[in-house]
Amino acid sequence: MNNRESVREFLISRRARVNPEQVGLPSGTNRRVKGLRRSEVATLAGVSIEYYTRMERGAISGASPEALDSVARALRLDDAERAHLFDLAHAASPVARPPRRRNSKTWVAHPSLQWTLDAVSAGPAFVRNGRMDLLAANNLARAFYKDVYDMPGQPPNLARHTFLDERARDFYPDWDLFAEVNVAILRTEAARDPHNKELHDLIGELSTRSEEFRRRWGAHNVRHHGTGSKTFHHPVVGDITVAFEGLEMAAEPGLTLTIYAAEPGSASEQALQLLASWAATEYGAPASAVTARESSGH
């Protein structure tokens with residue numbers, strides 16, 4: 001992906017989103033641009049119009065943290081958008097080192113990680129990367145995302161399922177929201193890891209095959225996706241509403257461990273219990289138990 005183009009389109013899209021009244025400026029009647037003018041952003045950020053114009057044209061390499069912070073405040077960026085701006089600036093630096101990322105085709109979960117996932121028995125638990133590949137999971141997560149694992153090609157990928165599998169429209173009752181989240185996560189990861197060929201290939205595939213993805217990708221929306229609640233319609237057990245927590249893995253940079261949990265005593269908890277019974281029949285013993293038996297020779 002072209003860094004200068006990404007910077008330019010991101011800043012223009014954020015500038016267009018801010019109304020003059022929001023920052024204490026008169027709206028006037030002779031505005032030719034949506035949102036703020038470049039000169040207004042420069043004034044609010046305390047930089048020259050020439051400096052901000054160069055930034056908006058993509059020349060962000062060498063921008064100081066103070067200048068980036070000032071522009072972020074002027075454009076009223078949220079935490080995820082501010083981090084994205086800093087990631088874009090870091091990627092533009094000639095001395096920036098690509099972040100350490102795992103190859104999803106060769107990465108294998110350490111046995112202790114699989115033990116940890118399998119120890120979560122009441123809800124789906126899985127590890128994903130910023131490309132939305134499911135890299136490791138307990139049996140309940142495999143059952144929960146059975147359609148994702150059924151799609152051809154490995155590893156299973158949540159974004160590909162969302163945009164290229166018709167079953168996703170039923171699985172995600174609020175499909176538009178899930179689509180927005182997937183694109184925002186991929187857009188965030190693209191700035192963090194701009195040299196990731198696997199990520200580039202996925203974005204290219206989705207852009208080519210899905211107009212829905214292509215339109216959302218052009219919006220340049222980003223987000224942090226660490227906690228909240230979601231509702232699904234599972235093909236085996238029906239509607240399930242879960243809370244989720246995403247935990248960044250300190251030992252595996254770029255990977256996130258996510259756990260879903262249903263409210264105690266709720267219909268969703270009963271649905272997960274039913275799904276766990278189905279998973280036990282469908283998949284048998286947890287992966288860690290199978291590995292342990294093989295290691296001991298039993």
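Student: What makes you say that helix α14 lies across β3 and β4?

Tutor: Helices are DSSP runs of H or I with at least four residues, strands are E runs of at least two, and both are numbered from the N terminus. Helix α14 covers residues 267-283 and runs at about 85° to β4 (238-248). Contact means heavy atoms within 4.5 Å. Axes are lines fitted to C-alpha atoms, for helices over the stretch in contact, with angles from 0 to 180 degrees between N-to-C directions. Please remember that this is a predicted model, where local features need pLDDT of at least 70 and side-chain atom pairs count only at pLDDT 80 or more, while totals for chains, interfaces and linings use all residues. Residues are numbered from 1 along each chain as its sequence is written, and side-chain values use heavy atoms, with hydrogens and water left out.

Student: Which helix lies across β1, β2 and β5?

Tutor: That is helix α6, residues 111-119, at about 65° to β2.

Student: How do you know that β1 and β2 pair?

Tutor: Two strands pair if DSSP finds at least two bridges between them. Strand β1 (residues 125-129) and strand β2 (residues 134-137) are joined by three bridges, so they pair, and they run antiparallel. One of the bridges links V127 with A136 in β2. Four residues sit between the strands of this hairpin, and M132 has a positive phi near 75° there.

Student: What makes β1 and β5 a pair?

Tutor: Five bridges connect β1 with strand β5 (residues 255-261), in the antiparallel sense. N129 has L255 in β5 as its bridge partner.

Student: Why are β2 and β3 called edge strands?

Tutor: The open sheet has five strands in the order β2-β1-β5-β4-β3, with antiparallel pairing. β2 and β3 (227-234) each pair on one side only, and they are the edge strands. From one strand to the next, the twist averages 30°.

Student: How many cavities of 30 Å³ or more are there, and what makes a space a cavity?

Tutor: On a 1 Å grid over the protein atoms alone, a cavity is a set of points where a 1.4 Å probe fits but cannot get out, and lining residues have an atom within 4 Å of a point. The count by this rule is three. The largest cavity holds about 160 Å³. Its lining has 17 residues, and M132, L158, H225, K230 and Y260 are the closest to its centre.

Student: Which element gives the most to the lining of the largest cavity?

Tutor: α11 (175-192) is one of the elements that supply at least two residues, and α11 gives the most, with four residues.

How values were computed: On a 1 Å grid over the protein atoms alone, a cavity is a set of points where a 1.4 Å probe fits but cannot get out, and a pocket is an open set with protein on both sides within 12 Å along at least five of seven lines; lining residues have an atom within 4 Å of a point. Grid points are joined across faces, edges and corners, and a volume is the space filled by probe spheres set on the points.
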